[in-house]
Amino acid sequence: MWIHFLVFFLTFFMMEFMAWFTHKYVMHGFLWSLHADHHKKDHDSWFERNDAFFIFYAVVSIAFFLLWQNDILSIGLAIGLGIFAYGLTYFLVHDIFIHQRFKMFRNANNRYAKAVRRAHKMHHKHIGKEHGECFGMLVVPWKYFKS
C-alpha cells in the first residue's frame, strides 16, 4: 500500500516537470496555435483554445485509471490520481488564483502567492512564443520571492 502513496506523490511532483516541459517546448513550440490566445486574447469566449491541454492530461489520467481497473497496471490508480491532483492544483493556482477565471482567492497575499503571481506576470510579459520565461507553475525561481 505504501508504494501507491509513493507513486502518487512522485507522479504529482513529476507533473511539475511535465508542465514546465510541455509549456516551454510544446505550447511555446509546435502547438503555439493552441496556446497563443492565452497570452493575447483574440476572442470573446470564456474558454480558450489553450484549455485543450487540460483535456489532453485528463485523457492521460483516465487512461491510467483504466489500466488499473483492467488489472494491467497495479499502480495505475496512483499515477492517474497523481496526474489528476496536479491538474486540479494547476487549475486552482493558474486559472482561478492567477487569472481569476472565477473570482476566488483574491486576497491570498503570502510570500509564496506573491512569488507565483510575479513569476507568471513575467511569463505573460512576452506575448509571442519566443523569449519566454518561468514556464513552470508551482516551483517558482527564488528571485520572485524578493520584496
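This is a predicted model: local features need pLDDT of at least 70, side-chain atom pairs count only at pLDDT 80 or more; totals for chains, interfaces and linings use all residues.

Colleague: What does the chain average for pLDDT?

Modeller: The average is 89, and 99% of the residues score at least 70; pLDDT is the predictor's confidence in each residue, from 0 to 100.

Colleague: Which elements have the lowest and highest mean?

Modeller: Helix α2 (residues 32–39) is lowest at 82, and helix α3 (residues 52–69) is highest at 96. Helices here are DSSP runs (H or I, at least four residues), numbered from the N terminus.

Colleague: Which residues does UniProt annotate as "transmembrane region"?

Modeller: The unreviewed entry gives 6–31, 52–69 and 75–97; such annotations may be inferred rather than shown by experiment. In the model, residues 52–69 are 100% helix, with end C-alpha atoms 26 Å apart. Residues 75–97 are 96% helix, and their end C-alpha atoms lie 31 Å apart.

Colleague: At what angle do α4 and α5 pack?

Modeller: Helix α4 (residues 76–98) and helix α5 (residues 111–124) pack at about 80°, with axes 12 Å apart. That makes α4 roughly perpendicular to α5 (65 to 115 degrees counts as such).

Colleague: Which residues make that contact?

Modeller: From α4, Val93, His94, Phe97 and Ile98; from α5, Ala113, Val116, Arg117 and His120. Contact means heavy atoms within 4.5 Å.

Colleague: New topic: is His35 buried or exposed?

Modeller: His35 is buried, with a relative accessible area of 1%; buried means under 20%, exposed over 50%, and partly exposed in between (1.4 Å probe, protein chains only). His35 is found in helix α2. Leaving aside neighbours within four places in sequence, its contacts include His23, His28 and His123.

Colleague: And where is Met137?

Modeller: Met137 sits in the segment after α5 and is buried at 4% relative accessibility. Met137 and Glu16 are 121 residues apart in sequence, yet 7.0 Å apart in space, C-alpha to C-alpha. Beyond neighbours within four places in sequence, Met137 is in contact with residues including Glu16, Val93, His94 and His120.

Colleague: Last one: what is the phi of Asp71?

Modeller: Asp71 has a positive phi of about 55°, although it is not a glycine. Most residues other than glycine have a negative phi. Asp71 lies in the loop between α3 and α4 and is exposed, at 73% relative accessibility.

How values were computed. Residues are numbered from 1 along each chain as its sequence is written. Side-chain values use heavy atoms; hydrogens and water are left out. Helices (H or I, at least four residues) and strands (E, at least two) are DSSP runs, numbered from the N terminus. Axes are lines fitted to C-alpha atoms, for helices over the stretch in contact, and angles run from 0 to 180 degrees between N-to-C directions. Angles under 35 degrees count as roughly parallel, over 145 as roughly antiparallel, 65 to 115 as roughly perpendicular and the rest as oblique.
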